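Work through the exercises below with the model open. Each task is followed by a stepwise solution.

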Amino acid sequence: MTAPDADRVPSADEPLDEVDFGLLDDIRELFEAADPMPADLPERIRFFLALRDLEIEVARLAAEEDLAAVAVRGAEQSRTITFDSDSLTIMIRIDTNPDGTARVDGWLAPPQRREIEMKTAADSLNVTSDEQGRFAFARVPRGMAQLVVRPADQPDAAGRSVVTPALIL
Amino acid sequence: MDDRNPATVQAAQPDRSVRIASLVSAARQGSEDALGQIVTELSPLLWQVARAAGLSSGDAEDVLQTAWMRLVAHLSDIHDSAALTAWLVTTTKREAWRVRAAERRQLPADQESLAEVPDQGPGSEEQIILDDQRRALWAAISRLNARCQELLRIIAFAPRPDYAAVAAALGMPIGSIGPTRGRCLAKLRAQLASDPAGSSP
């Protein structure tokens with residue numbers, strides 16, 4: 001990277017030249033080192049987009065401290081995660097089965113019957129919540145997973161599907 | 001990805017926008033794979049947009065997911081790489097500010113102004129090993145104002161032909177006819193020229 005004329009102060013109105021492109025490449029490398037995007041983020045977003053609906057509501061992690069827990073792959077202790085969307089709060093507790101798979105118990109607020117899908121990298125598991133909004137997945141493989149909550153028994157109903165961000169069980 | 005190598009980036013740049021435009025066209029026709037390739041291609045750019053806005057890593061991930069979800073609903077309006085990149089940058093930045101505003105509301109008696117956003121630019125990150133030239137560049141960037149730091153950080157990750165569109169999306173247009181250097185790069189080069197370590201090859 002050598003300026004053609006190092007003594008001349010470059011003007012803002014000139015076209016971009018190779019020195020500028022070289023500097024921008026260097027800046028990119030600096031920030032790739034200083035603040036790298038998590039390497040698996042594009043994969044998680046692709047996973048997330050693959051189950052999009054037309055009528056979909058995206059839930060958010062309700063508390064920052066949960067994010068750290070979500071990031072801990074294969075944590076032994078049970079953990080509780082809450083997701084919020086405009087229409088629904090989804091709380092899940094994740095425990096470890098003796099065989100290493102995850103058990104997921106969940107609650108919907110307000111309580112209601114919904115079809116609930118646990119989408120994993122391998123396949124998807126389906127349950128229905130009861131009138132109290134409770135649901136359970138007895139055995140879920142470890143790895144990336146995502147919940148999709150759909151209106152129960154009424155495919156054409158006005159209720160919207162709610163998806164959570166991808167999380168690591 | 002091999003485009004961390006600057007030489008590869010330079011060689012690949014003219015094709016990058018063309019490739020993205022064809023991916024957009026395929027994604028509009030329902031190709032999951034094309035959409036996925038766009039995600040892989042442009043998420044590093046959007047990550048820098050979200051982080052430069054002062055978001056935590058977790059919030060930045062949420063904001064990126066939201067921006068990509070919104071894109072899917074708007075794909076029919078977007079036909080080229082520059083429009084796509086500008087749309088994603090604008091949406092990510094807007095969503096990042098929404099998240100930050102929501103967080104500020106949760107802090108009682110918080111008088112923080114927009115100008116006091118925590119600096120996510122050079123100097124605030126963990127120390128990385130830099131050679132003299134890189135250190136001079138890092139120091140020169142640190143001396144620029146916050147807006148210029150943000151602009152350079154973000155356009156450094158944008159497909160090269162889309163620089164002007166991205167700068168405009170950030171509210172800092174760099175040329176009304178063709179993309180010009182703009183005052184931020186000009187200031188950076190002036191800084192480097194005044195620092196002997198920075199102008200050495």
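**Exercise 1. Classify A:R160 as buried, partly exposed or exposed, and place it in its chain.**

Solution. The model is predicted.
- Step 1: take the relative accessible area of A:R160, which is 34%.
- Step 2: compare with the cut-offs. Buried means under 20%, and exposed means over 50%. A:R160 is therefore partly exposed.
- Step 3: locate the residue. A:R160 sits in the loop that links β9 (144-151) and β10 (161-163) of chain A.
- Step 4: A:E57 is 103 residues from A:R160 along the chain, yet their C-alpha atoms are 6.5 Å apart.

**Exercise 2. Describe how helix α1 of chain A and helix α6 of chain B cross.**

Solution. Two numbers are needed, because two packed helices are described by the angle between their axes and the distance between the axes.
- Step 1: name the arrangement. Angles of 65 to 115 degrees count as roughly perpendicular, so α1(A) is roughly perpendicular to α6(B).
- Step 2: list the contacting residues. α1(A) supplies A:L24, A:I27 and A:F31. α6(B) supplies B:L152, B:R153 and B:I155.
- Step 3: sort them by class. The contact has five nonpolar residues, no polar ones and one charged.

**Exercise 3. Which residues have the most contacts inside the largest nonpolar core?**

Solution. 
- Step 1: size the core. It holds 69 residues.
- Step 2: find the main contributor. Helix α2 (residues 32-52) of chain B gives the largest share, 11 residues.
- Step 3: inspect B:W68. Leaving out residues up to four places away in sequence, B:W68 touches A:I45 and A:L49 in chain A. In chain B, it touches B:I38, B:V39, B:L42, B:S43, B:L46 and B:L88.
- Step 4: check for a separate core. Another one lies apart, with 22 residues, including A:I92, A:A102, A:F137 and A:V162.

**Exercise 4. How many helices and strands does chain B have?**

Solution. 
- Step 1: count the elements. Chain B has nine helices and zero strands.
- Step 2: Of its 201 residues, 51% are buried.
- Step 3: Among chain B contacts with a separation of 6 or more, 63% join residues 24 or more positions apart.
- Step 4: take the surface. Chain B exposes about 9000 Å², and carbon and sulfur atoms supply 54% of that area.

How values were computed: Residues numbered from 1 in each chain as written. Chains lettered and ligands numbered in written order. Predicted model: local features only at pLDDT ≥ 70, side-chain atom pairs only at ≥ 80, totals over all residues. Heavy atoms only, no water. Axes fitted to C-alpha atoms, helices over the stretch in contact; angles between N-to-C directions. Helix = DSSP H or I, 4+ residues; strand = E, 2+ residues; numbered from the N terminus. Parallel < 35°, antiparallel > 145°, perpendicular 65-115°, else oblique. Contact = heavy atoms within 4.5 Å. Nonpolar A, V, L, I, M, F, W, Y, C, P; charged D, E, K, R; others polar. Core = buried A, V, L, I, M, F, W, Y, C linked by side-chain atoms within 4.5 Å. Buried < 20%, exposed > 50% of the residue type's maximum accessible area, 1.4 Å probe, protein only. Areas by Shrake-Rupley, 256 points an atom, 1.4 Å probe, with all protein chains shown as cover.
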